[in-house]
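Hi,

Here is the structure I promised to pass on.

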Amino acid sequence: MSQRKTLLTARPALWLATAAVVGLGAAVAAYAGSPPFGDPKSVKYADALWKKMERADFVGDGAIKTVPYEGQHPHGAVLETLYGEVSVKGHTGELIVKRNYGGEGVTNAKVANNRAKYLGAVTVMFKRGSGYDPENNNWFWVKYKPDGSLATNPKGMKLAGRVAKGADKGCIACHSSQKDNDFQFNTTEFINK
Ligand code: HEC
């Protein structure tokens with residue numbers, strides 16, 4: 001499918017559920033007692049990370065602007081992706097922030113003119129220290145709502161941590177297809193086309 005196709009040929013309905021990453025409740029039972037994500041520690045960490053991202057202008061008022069581009073399922077119809085580094089609780093790590101935009105009639109231009117109106121979610125990968133989750137390159141995964149609070153899965157679990165380790169759906173499951181690229185999809189194949 002051509003990345004150049006216009007939004008007229010895209011299917012907006014598919015995108016209305018901006019980044020509605022589904023089914024994260026499955027298979028968590030394997031970690032009964034110590035869920036890989038959504039636990040109080042992960043939630044606290046995600047809150048600390050949001051504050052750092054705000055201070056570094058990855059999110060919030062006055063956040064850095066990039067050129068919005070046409071998105072990929074299950075992220076938004078329109079996306080911005082920013083790369084950087086922040087320090088959280090004494091650990092400095094690589095940060096990837098994806099702003100997911102959606103909503104009726106959304107276009108790249110409309111987002112560029114009014115980001116707040118179309119922002120549906122902010123999905124983040126933050127590289128934690130070795131030993132956090134070695135099988136998955138120690139990424140900490142988070143899905144925030146636009147105000148910085150945490151999005152939840154259908155079971156009400158907050159999407160912060162090793163989301164959803166052991167499950168066949170969710171951040172890790174899907175991004176595992178890019179294991180050889182440090183769990184990242186974006187190459188020039190996906191962005192700036
Ligand atoms: C069904 C597959 C799928 C799921 C589930 C998924 N993603 Fe992604 N993700 C993608 C694709 C495809 C891209 C590339 C999108 C683009 O920029 O066009 C991407 C890109 C990203 C990026 C930018 C880095 C990169 O890989 O290029 C971040 C950050 C990200 N996703 C975070 C998350 C988080 C956090 C979750 C879980 C809450 C999640 N993703 C769930 C498919 C998925």
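**Around the ligand**

The ligand is surrounded by 26 residues, and the closest are Gln72, Cys171, Cys174, Phe185 and Asn186 (a residue is near a molecule if its C-beta atom, placed from the backbone, lies within 6 Å of it). Before you go further, please keep in mind that this is a predicted model: local features need pLDDT of at least 70, side-chain atom pairs count only at pLDDT 80 or more, and totals for chains, interfaces and linings use all residues. Residues are numbered from 1 along each chain as its sequence is written.

What is the shell made of: how many nonpolar, polar and charged residues? It divides into 15 nonpolar, 9 polar and 2 charged (nonpolar means Ala, Val, Leu, Ile, Met, Phe, Trp, Tyr, Cys and Pro; charged means Asp, Glu, Lys and Arg; the others, Gly among them, are polar). At least two shell residues come from each of strand 2, strand 3, strand 4, strand 5 and helix 5 (171-175). Helices (H or I, at least four residues) and strands (E, at least two) are DSSP runs, numbered from the N terminus.

**The overall layout**

The protein chain has 5 helices and 6 strands, and along the sequence they follow the pattern α-α-β-β-β-α-α-β-β-β-α. Of its 193 residues, 34% count as buried (20 or more other C-beta atoms within 10 Å of the residue's own; exposed is 12 or fewer, partly exposed is in between, with C-beta atoms placed from the backbone). Among contacts with a separation of 6 or more, 61% are between residues 24 or more positions apart (a contact means C-beta atoms, placed from the backbone, within 7 Å).

The 6 strands make an open sheet in the order 1-2-3-4-5-6, with antiparallel pairing (two strands pair if DSSP finds at least two bridges between them). At the edges are strand 1 (69-70) and strand 6 (160-161), each pairing on one side only. Helix 2 (residues 40-55) packs on the sheet, where it touches strand 2, strand 3 (91-101), strand 4 (119-127), strand 5 (139-144) and strand 6; its direction makes about 100° with that of strand 2 (axes are lines fitted to C-alpha atoms, for helices over the stretch in contact, and angles run from 0 to 180 degrees between N-to-C directions).

Here is how some of the strands are joined:

- Strand 1 and strand 2 (residues 78-88) are joined by 2 bridges, and Glu70 has Val78 as its bridge partner in strand 2.
- Strand 3 and strand 4 share 7 bridges and run antiparallel; Asn100 has Ala121 as its partner in strand 4.
- Strand 4 and strand 5 pair over 6 bridges, again antiparallel, with Phe126 opposite Phe140 in strand 5.

Is strand 4 buried or exposed? Of its 9 residues, 8 are buried, so strand 4 is largely enclosed by the rest of the structure.

**The cores**

The largest nonpolar core has 29 residues, of which Leu49, Val97, Val124, Trp141, Val142 and Val163 touch the most other members (a nonpolar core is a set of buried Ala, Val, Leu, Ile, Met, Phe, Trp, Tyr and Cys residues joined through C-beta atoms within 7 Å). Helix 2, strand 3, strand 4, strand 5 and helix 5 each give two or more residues to this core. Leaving aside residues up to four places away in sequence, Val97 touches Met53, Phe58, Val59, Leu82, Val122 and Val124. There is also a second, separate core of 8 residues, including Leu79, Tyr101, Val111 and Tyr118.

**Backbone spots to check**

Two peptide bonds are worth a look on screen. The bond from His73 to Pro74 is cis, with omega near 5°, and Pro74 lies in the loop between strand 1 and strand 2. Val163 and Ala164 are also joined by a cis peptide bond, with omega about -20°; Ala164 is in the loop between strand 6 and helix 5.

Then there is phi. Lys89 is not a glycine, yet its phi is positive, near 50°. Lys89 sits in the loop between strand 2 and strand 3 and counts as exposed because it has 11 other C-beta atoms within 10 Å. Asn137, in the loop between strand 4 and strand 5, has a positive phi of about 55°. With 16 C-beta neighbours inside 10 Å, Asn137 is partly exposed.

Cheers

Terms used. Two residues are in contact if their C-beta atoms, placed from the backbone, lie within 7 Å.
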